[in-house]
Amino acid sequence: MAAKSGSLSINSENIFPIIKKWLYSDHDIFYRELISNGCDAVTKLKKLDMMGEYSLPEGYKGRVDVIVDPEKKTLTFKDNGLGMTADEVEEYINQIAFSGATDFIEKYKDKSNSDQIIGHFGLGFYSAFMVADEVHIDTLSYKDGAKAVHWECDGGTEFSMEDGDKTDVGTTITLFLNEDCLEFCNEYKAREVVKKYCSFMPTEIYLSKANTKETQIIKEEEKLPDDEVLEEIEPEKKEKTEGENAEAEAAEEPKKLKIRKRPELINETQPLWNKHPNECTKEEYLDFYRKVFQDYKEPLFWIHLNMDYPFNLKGILYFPKINMEYESIEGTIKLYNNQVFIADNIKEVIPEFLLLLKGVIDCPDLPLNVSRSALQNDGFVKKIAEYITKKVADKLAGMCKTDKEEYDKYWDDISPFIKFGCLKDDKFCEKMNDYILFKNLDGKYLTLPECLEIKPQDEEENKENAVDENGNKVEAEVVEDKAEDEASEENTEEEKKEKIIYYVTDEQQQSQYINMFKAAKMDAVILTHNIDQPFISQLEQKNEGIKFQRIDADVTDALKSKTSKKAEKEMEEQAESISKLMKKALKNDKITIKVEKLKNKKISSMITLSEESRRMQDMMKMYSMPGMDMSAFGGEGETLILNANHPLVQYITEHQDGENAEMICEQLYDLAKLQHAPLDADAMTKFVARSNDIMMLLTK
Ligand SMILES: Nc1ncnc2c1ncn2[C@@H]1O[C@H](COP(=O)(O)OP(=O)(O)OP(=O)(O)O)[C@@H](O)[C@H]1O
């Protein structure tokens with residue numbers, strides 16, 4: 001076959017239903033398309049005026065009117081923009097997918113900046129047919145000698161065009177709604193949709209109901225040319241009092257007018273994000289937040305994004321106050337393109353963890369698809385997301401550096417968000433590494449470097465000041481990983497520097513351990529949120545030499561009394577015999593039992609569970625595998641520590657055959673368990689019964 005080339009032809013009969021039905025996922029989007037066409041028409045007319053191609057009439061104010069008429073089942077969009085000549089209707093409307101915006105920009109590209117014009121694809125107008133059986137256009141161009149045009153189309157592929165009777169410059173588009181779509185000429189629905197898409201469009205948008213019965217009273221001098229006066233209200237005549245004259249009274253009480261309810265202004269043409277951050281006041285930020293998010297709780301703080309290069313992006317991100325107990329954390333980030341709402345929470349542009357915030361982002365450079373709610377897959381979109389992430393990290397780091405007190409105050413609220421961000425985004429994590437705070441046992445907020453630095457000082461102090469529970473000074477040993485003590489001489493200095501950060505997950509439950517730590521002048525950080533476990537695992541991975549260990553994972557040397565070699569030997573023997581007794585009493589052969597001399601003589605028994613085993617168990621619980629035997633996954637990591645310094649432990653050591661020895665063993669074990677984790681139902685029942693029995697013994 002001979003080589004051939006040419007342009008593809010499209011059969012409008014087939015393509016039209018596709019545009020009408022499938023191009024836009026949301027039916028209500030036609031509002032946005034037709035209103036933005038009106039805004040574009042106004043913008044273009046103003047530009048023509050600026051360029052000297054047209055002179056706007058005195059007092060011109062561009063506007064788009066949306067008029068619902070439930071009686072006639074119509075919806076009208078009226079603008080006072082540049083209008084269209086018959087040729088332009090022919091070109092831009094009759095040819096589907098031919099955008100006059102591109103044409104306009106091309107024509108005036110040297111003289112004007114194009115970025116304020118919304119339309120691009122030349123398809124938006126046809127979205128009207130998603131809801132209307134018939135659409136009329138009445139338009140009059142601004143051009144000298146232009147004739148009004150009337151165009152109509154009933155949704156098939158045929159249209160008709162004739163001279164129109166419009167006398168003012170601009171365009172009126174009337175939709176004769178389909179029976180299934182009558183909700184769109186309901187005033188409330190219209191307000192909701194227009195507010196959703198058009199709240200910040202750059203031209204004033206008014207909503208009204210045709211022939212509304214609603215009225216309003218105004219002062220005579222407030223009357224506007226378009227007001228429809230229904231009644232003149234004479235001021236009420238007051239009883240004359242002495243010293244007053246009728247003229248003075250009349251001056252006080254002006255005549256009033258009852259007018260048909262005026263169209264309601266829906267949008268704000270100058271959104272706050274367009275203002276320079278230096279010019280915005282705190283009140284303005286708060287007002288804007290309340291209005292846009294209907295959240296009457298004050299946000300904690302906000303970040304105003306304002307960037308011109310290498311791409312254009314403006315916006316405000318608010319950190320909301322989160323009530324962790326009652327609400328799930330879910331924010332909303334509204335994405336705009338040139339002040340036109342695109343969609344909420346577009347994941348491609350807004351990094352996932354930032355979706356916990358509330359905010360607005362306007363990016364005119366977004367590579368949008370025809371339907372606008374989808375983005376073209378583009379490296380550029382990734383850059384936008386990276387920029388936003390960077391800005392958020394910069395703001396937080398800056399606040400931590402320059403206003404640490406405030407940052408401390410916000411920390412509990414923002415920490416789940418930051419930790420989630422660190423888990424989700426490596427770059428964010430890197431930037432935030434030194435600005436993550438840890439609340440210590442004294443309620444102070446420390447950064448990670450501070451946590452690490454404070455340790456050696458504490459240890460020094462520890463050596464000098466540590467006291468036992470009787471206030472006697474005790475010699476404490478440097479808190480280092482136990483394994484290090486046993487490590488061979490060959491270990492380098494570097495390796496020896498592994499730092500342990502102790503942490504608490506439940507202040508009440510672990511209070512006994514906390515008391516021991518405090519008495520030994522040791523510190524720990526409080527990490528109670530679910531996100532903390534995966535978060536600390538990540539921190540360990542990213543920061544070599546840092547290890548997190550729950551406060552009850554081990555008995556560090558700092559908590560033990562110093563013992564002689566001889567005493568240690570004795571304790572070992574003691575442990576052996578008491579282990580047998582315990583295992584028998586608890587009917588548990590697997591349990592590991594250790595006898596230690598703890599500094600705190602008030603503690604009789606405690607449980608330690610190695611960090612690794614506990615993390616494994618927590619993980620199993622999280623994936624809640626019913627009937628799973630936990631002991632198979634690190635149950636062996638649990639150790640019962642008996643304090644050789646406690647009289648009760650001393651008693652059973654000496655009276656292993658005593659009448660109550662087994663009962664004491666069981667009670668010691670349960671008491672230790674209770675400080676570590678809640679008892680299961682069965683164990684709790686037995687514990688309560690046994691406690692009663694023990695008290696009964698006291699009565700004898
Ligand atoms: N109200 C209006 N006033 C003046 N011209 C209009 C009006 N509505 C549409 N037009 C002209 O018709 C053209 C096609 O409009 P349409 O909404 O189909 O596409 P668009 O706005 O260019 O692009 P998009 O598909 O992105 O909305 C517009 O570019 C514009 O030139």
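How many bridges join β22 to strand β24? Five bridges do so, and β22 and β24, residues 638-643, run parallel. Strands here are DSSP runs of E with at least two residues, helices are runs of H or I with at least four residues, and both are numbered from the N terminus. Two strands pair if DSSP finds at least two bridges between them.

The model is predicted: local features need pLDDT of at least 70, side-chain atom pairs count only at pLDDT 80 or more, and totals for chains, interfaces and linings use all residues. Residues are numbered from 1 along each chain as its sequence is written.

The protein chain holds 20 helices and 24 strands. Of its 700 residues, 33% are buried. A residue is buried if 20 or more other C-beta atoms lie within 10 Å of its own, exposed if 12 or fewer do, and partly exposed in between, with C-beta atoms placed from the backbone. Two residues are in contact if their C-beta atoms, placed from the backbone, lie within 7 Å. Among contacts in the protein chain with a separation of 6 or more, 72% are between residues 24 or more positions apart.

The chain is divided into domain 1 (13-209), domain 2 (272-424), domain 3 (436-455 + 498-551) and domain 4 (563-613 + 634-698). These bounds come from an automatic or database domain assignment. Between the C-alpha centres of domain 2 and domain 4 the distance is 54 Å.

Strands of a sheet pair through backbone hydrogen bonds, either parallel or antiparallel. With strand β7 (residues 204-209), β1 pairs in the parallel sense over six bridges, and D65 stands opposite Y206 in β7. With β2, β1 runs antiparallel, joined by six bridges; here I67 stands opposite T76 in β2. β1 and β2 form a hairpin with four residues between the strands, where K73 takes a positive phi near 60°.

Next come some annotated positions. An unreviewed UniProt entry lists E33, N37, D79, M84, S99, G100, T171 and R372 under "binding site". UniProt positions are given in the numbering used here, feature names are shortened, and annotations may be inferred rather than shown by experiment. Of the listed residues, N37 is placed in helix α2 (residues 29-50) and counts as buried because it has 23 C-beta neighbours inside 10 Å. M84 sits in the loop between β2 (74-79) and α3 (86-93), and its 25 C-beta neighbours inside 10 Å make M84 buried. Leaving aside neighbours within four places in sequence, M84 is in contact with V89, Y92, T139, S141, V149 and T171.

D408 counts as partly exposed, having 16 C-beta neighbours inside 10 Å. Not counting residues up to four places away in sequence, D408 touches L437 and Y445. D408 and F438 are 30 residues apart in sequence, and their C-alpha atoms are 9.7 Å apart in space.

F438 in turn stands opposite L446 in β18. Strand β17 (residues 437-440) is joined to β18 by three bridges, and these strands run antiparallel. An open sheet of five strands has the order β18-β17-β20-β19-β21, with mixed pairing. Its edge strands, β18 (445-447) and β21 (546-550), each pair on one side only.

In helix α14 (residues 511-519), the buried residues are Y513, I514, M516 and F517. These residues cover an arc of only 160° around the axis, so they lie on the same side of α14; the arc is that of the directions from the helix axis to the C-beta atoms. Among what covers the buried residues of α14 is β19 (499-504). After α14 comes K521, with a positive phi near 55°.

The bridge partner of T592 in β24 is T639.
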